[in-house]
Amino acid sequence: MRRTLVRALSAAVLTLAALSTPTAHADRGAPIEVTVNARAALATVHETGLGANHAIWDANLGTNDTADLLKNAGMKLLRYPGGSYSDIYHWADHTAPGGYVAPGTDFDTFMSGVRRTGAQAMVTANYGTGTAAEAAAWVRQANIVKKYGVQYWEIGNENYGNGHYGTAWEADEHADKSPAEYARHVVAYADAMKAVDPTIKIGAVLTTPANWPDAIVAEGDSGSWNEVVLATAGSKIDFVVLHWYPGALDRAGHVPDMIQLTREQIARHAGPGSDRIGIAMTEFNTGSSSNGSNTQPGALAAADAYATLLAAGVLTVDWWNVHNGIGAVTEVEGHTDYGDFGLLSSAACTSDGSVCEPSLNTPFAPYHALRMMSRFARPGDRFIRAATDQIPARAATDQPEVTAHAVRRPNGDLAVLLINTSSTTSHPVAIDYAGFTPAAGAPTVLTHTNGATSITTTTAGTATSQTLPPLSLSTVLLRPATPQTGLPATPGRPSTTAVTDTTATITWPTSRPGVKYEVHRQNGAVTEQLGETTGTTLTVRNLKPGTRYTVNVIARNAAGAQSEPSPPLTFTTGTPATSSCSVRLTIQTDWASGYVAALDLTNHGAPVSGWTLTFDWPRPWQKLSSGWSGVWTQTGAQVKVVNEPGNGTLPTGATTTIGYVGDYTGPNVLPKIFTLNGDICTLH
């Protein structure tokens with residue numbers, strides 16, 4: 001059978017949620033304010049940023065028509081042989097025992113399509129039913145014999161779905177299905193494959209934060225899947241692999257934490273030099289057939305997620321799938337949605353023949369979204385901060401109706417992507433720029449609207465004023481008012497050498513004479529200068545404990561000209577080294593949507609008779625389920641615990657243990673600031 005998105009991942013893995021509908025629309029007379037800050041740099045778009053999946057059960061995988069459409073959409077990476085089929089596929093005889101292999105889908109045909117598209121290939125080696133020797137032979141055939149130059153090689157696909165955690169969809173013939181066994185084989189595969197071609201990059205499969213079975217520790221394991229795989233195989237891999245099917249259309253806000261938590265896991269478990277390890281999102285789809293998988297709402301969500309993932313530094317985001325097949329047929333925003341998770345129509349019909357898709361290779365709305373992405377954010381462009389003045393409520397599903405993203409081209413031009421998710425309202429927007437002065441005159445605007453079969457190009461509005469049609473994607477292309485010449489060189493990537501609860505020492509590469517360096521903190525789309533120096537090290541002070549900071553370094557010369565901002569640096573401050581209290585937080589069990597935690601509270605000050613502990617949930621998708629050994633309440637984001645009669649007295653040096661159950665529906669950023677009777681405690 002072919003592997004479609006509706007691939008029995010179970011309700012625990014894929015939860016469908018309704019598209020949020022705000023209760024009120026902005027008045028056309030009150031423009032939504034958008035801030036674009038060229039001083040607040042994020043990641044640079046990788047050469048393989050935009051990608052898609054091919055599958056060997058798709059007879060149109062290798063056709064010229066398919067390749068030409070993917071080239072037109074700007075696809076820069078194509079993945080093969082197709083999801084879970086990777087773990088039953090044997091490349092040498094082009095077979096997949098237990099699955100269907102369409103004619104004209106062999107590896108050479110795939111590579112012909114890759115070359116016609118102008119993309120690179122991502123190949124998934126068979127872990128489930130294959131061997132390291134088989135994978136190494138594939139590398140030899142691809143890169144030594146055929147000279148295809150395939151750089152990216154994954155070891156298996158979703159191998160945590162082999163039944164080790166209770167649910168099985170991924171083929172795995174190994175008697176031991178633990179993460180430790182997978183990690184041992186990743187080492188063996190990497191050694192064998194790089195012995196053939198040492199220039200290739202090897203990727204290992206991880207679980208995605210807050211997606212099952214992330215954080216679960218199975219019986220007999222020394223840690224979660226990610227912890228074990230990174231600890232064993234971290235020194236052998238070049239990137240890690242995530243898959244994300246959010247099941248709702250408003251989850252792009254989860255992305256920064258998702259990627260940050262993955263980076264923290266890599267840094268914690270993969271050993272020295274782990275900052276070289278990249279992150280690849282080799283399968284992504286909105287996963288929302290009920291809300292528009294191939295109609296405009298899905299397209300808007302796709303563009304928002306792609307932009308947010310690429311801005312976070314993901315090296316590729318690969319849509320599942322080029323062709324996928326018809327699913328549940330519904331009406332969404334005035335158009336037929338075929339429940340098809342492909343970019344292009346398969347021309348399939350429902351089982352009773354009552355509904356058929358449009359002709360083969362007709363682009364669905366997400367195709368146009370990815371094409372818009374390729375014109376908005378090109379390889380080498382750098383994302384910069386952009387935000388709207390709409391503040392959503394704390395509910396986990398709330399989001400603004402208008403979202404914004406922006407990139408700076410290497411030549412100094414800007415592109416601003418504006419997404420209007422309102423079904424009925426044309427929103428006017430007023431755009432303000434920091435660190436960039438746009439040229440006068442009407443800019444070029446690219447637009448895709450609900451039901452449109454192409455992207456329109458016009459000159460409209462001004463650089464600071466645009467009107468966004470309902471359910472639309474708009475890209476505004478801007479040139480600077482004056483040529484960007486004589487600017488100081490862009491500072492290199494900064495790093496931290498010491499971080500405390502209130503200070504951080506930031507260092508960057510060699511300074512240049514006559515240049516002053518400024519460290520700027522990103523606060524949404526606004527930046528604040530934390531300090532300046534003529535050297536290459538600055539200690540910034542008066543930071544808030546337990547807070548995540550992202551900063552850029554900017555060089556300014558004697559004439560006042562500013563450089564482009566450095567690559568971003570993200571760090572999190574700690575808690576006081578000494579305090580009148582300390583807290584030790586221990587996760588006792590985690591099931592990827594909730595966890596049980598124990599808190600050991602120790603009094604280091606004068607004896608306490610009666611205590612109150614407080615902390616705030618870092619994210620709106622977290623909440624208190626229950627607690628014990630105290631009276632627990634939650635108001636807004638704050639959780640408060642008051643002692644019970646039997647544990648209210650804490651002599652100096654005494655410890656009491658309390659606990660709680662926390663629920664989450666997004667990346668689980670743990671609370672870092674606990675106060676006991678108003679004092680910030682040291683967190684162990």
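Visitor: At what angle do helix H1 and helix H2 pack, and how far apart are their axes?

Guide: In this predicted model, where local features need pLDDT of at least 70, side-chain atom pairs count only at pLDDT 80 or more and totals for chains, interfaces and linings use all residues, H1 (residues 64-72) and H2 (residues 107-117) pack at about 40° with their axes 8 Å apart. Residues are numbered from 1 along each chain as its sequence is written, and side-chain values use heavy atoms, with hydrogens and water left out. Axes are lines fitted to C-alpha atoms, for helices over the stretch in contact, and angles run from 0 to 180 degrees between N-to-C directions; helices are DSSP runs of H or I with at least four residues, strands runs of E with at least two, numbered from the N terminus.

Visitor: Which residues of H1 meet which residues of H2?

Guide: With contact meaning heavy atoms within 4.5 Å, Asn64, Ala67, Asp68, Leu70 and Lys71 in H1 meet Gly113, Arg116 and Thr117 in H2.

Visitor: What makes polar contacts with the side chain of Glu283?

Guide: The side chain of Arg79 does so at 3.0 Å, and that of Tyr245 at 2.5 Å; a polar contact is a pair of N or O atoms within 3.5 Å, where within protein one must be able to donate a hydrogen and the other to accept it, and residues adjacent in sequence count only if both atoms are side-chain atoms.
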